[in-house]
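Please work through the exercises below with the sequence and the 3D view open beside you, and try each task before reading its solution.

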Amino acid sequence: MKVYTYAILKDYFDKELLIDEPLLTITQLQQYLQQRNPAAGNILATCRYAVQNQFVTGEFTIQPGDDIHIIPPSSGG
């Protein structure tokens, strides 16, 4: 799967990540990323996750070829 990060998450991870781990759900992906960089844990918990251009919940089942976008909260102005 290919994971894309945005905004503040680029301070903790590369802009694009290729992950070959056998992760089954968005929650497992979130936990995996938090293990790789514990300092990003609070941010990851507040992000929205999109798969194939649709927002999904933590229980969403990931497929090996999915493109996943992790979008942190933002404030407008």
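Predicted model: local features only at pLDDT ≥ 70, side-chain atom pairs only at ≥ 80, totals over all residues.

Residues are numbered from 1 along each chain as its sequence is written, and side-chain values use heavy atoms, with hydrogens and water left out.

**Exercise 1.** Find which residues touch the most other members of the largest nonpolar core.

*Solution.* Begin with the term: a nonpolar core is a set of buried Ala, Val, Leu, Ile, Met, Phe, Trp, Tyr and Cys residues joined through side-chain atoms within 4.5 Å, where buried means under 20% relative accessible area with a 1.4 Å probe, protein chains only. The largest one has 21 residues, of which Ile19, Leu29, Leu33, Ile68 and Ile70 touch the most other members. Next, helix 1 (26-36) is among the elements that give two or more residues to this core, and helix 1 gives the most, with 4 residues. Helices (H or I, at least four residues) and strands (E, at least two) are DSSP runs, numbered from the N terminus.

**Exercise 2.** Determine how strand 3 is paired with strand 5 and with strand 4.

*Solution.* Strands pair if DSSP finds at least two bridges between them. Strand 3 and strand 5 run antiparallel and are joined by 4 bridges, with Tyr49 opposite Ile70. Strand 4 (residues 54-56) is also antiparallel to strand 3, over 3 bridges, and here Gln54 is the bridge partner of Val51.

**Exercise 3.** Identify the residue whose charged end sits over the ring of Phe55.

*Solution.* The test requires NZ of Lys or CZ of Arg within 6 Å of the ring centre and within 35 degrees of the ring normal. Arg48 is the residue, with its charged end 3.7 Å from the ring centre.

Definitions and conventions
Buried < 20%, exposed > 50% of the residue type's maximum accessible area, 1.4 Å probe, protein only.
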